[in-house]
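Here are some notes to read alongside the model. Please keep the structure open while going through the points.

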Amino acid sequence: MITAAQMRAARALLGIDQKQLAELSGVSLPTIQRMEASEGNVRGVVDTLSKVVEALATAGVELIGDNAPSTGTGRGVRFREAAAKAKSV
């Protein structure tokens, strides 16, 4: 699963806007906007989600799920456990 926050953060890391992500993924701009405006996990057609995730991966961003190790190298960011718990309170 990908969250709306992950999508926004991935775009920020790449320095691209929603229109550019739409072009890279072959998904419409309104769909990208709706995905990023959702709460928590992005919901949508699996094919559409896959296109966005693949476009972000191709551009150089690794999306890391809960409790999943990173397979990439180099610098990155990730929530710490304490921060995630504080956010849910």
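1. In this predicted model, the largest nonpolar core is made of 16 residues. Met7, Leu21, Ile32, Met35, Val42, Val52 and Leu56 have the most contacts inside this core. Two or more core residues come from each of helix H1 (4-14), helix H2 (18-25), H3 and H4. H4 gives the largest share, four residues. As background, nonpolar side chains in soluble globular proteins tend to be buried together.

2. Not counting residues up to four places away in sequence, Met7 touches Leu21, Ile32, Met35, Val42 and Val52, among others.

3. How do H3 and H4 pack, and at what angle? Helix H3 covers residues 29-37 and helix H4 residues 46-59; their axes lie 12 Å apart, at an angle of about 90°. An angle from 65 to 115 degrees counts as roughly perpendicular, so H3 is roughly perpendicular to H4.

4. At this contact, H3 brings Thr31, Ile32 and Met35, and H4 brings Thr48, Leu49 and Val52. Four of the contact residues are nonpolar, two are polar and none is charged.

5. Leaving aside neighbours within four places in sequence, Arg11 is in contact with Ile16, Asp17, Gln18, Leu21 and Glu36.

Notes
Residues are numbered from 1 along each chain as its sequence is written. This is a predicted model: local features need pLDDT of at least 70, side-chain atom pairs count only at pLDDT 80 or more; totals for chains, interfaces and linings use all residues. Side-chain values use heavy atoms; hydrogens and water are left out. Axes are lines fitted to C-alpha atoms, for helices over the stretch in contact, and angles run from 0 to 180 degrees between N-to-C directions. Angles under 35 degrees count as roughly parallel, over 145 as roughly antiparallel, 65 to 115 as roughly perpendicular and the rest as oblique. Contact means heavy atoms within 4.5 Å. Ala, Val, Leu, Ile, Met, Phe, Trp, Tyr, Cys and Pro count as nonpolar, Asp, Glu, Lys and Arg as charged, and the others, Gly among them, as polar. A nonpolar core is a set of buried Ala, Val, Leu, Ile, Met, Phe, Trp, Tyr and Cys residues joined through side-chain atoms within 4.5 Å. Buried means under 20% relative accessible area, exposed over 50%, partly exposed in between (1.4 Å probe, protein chains only).
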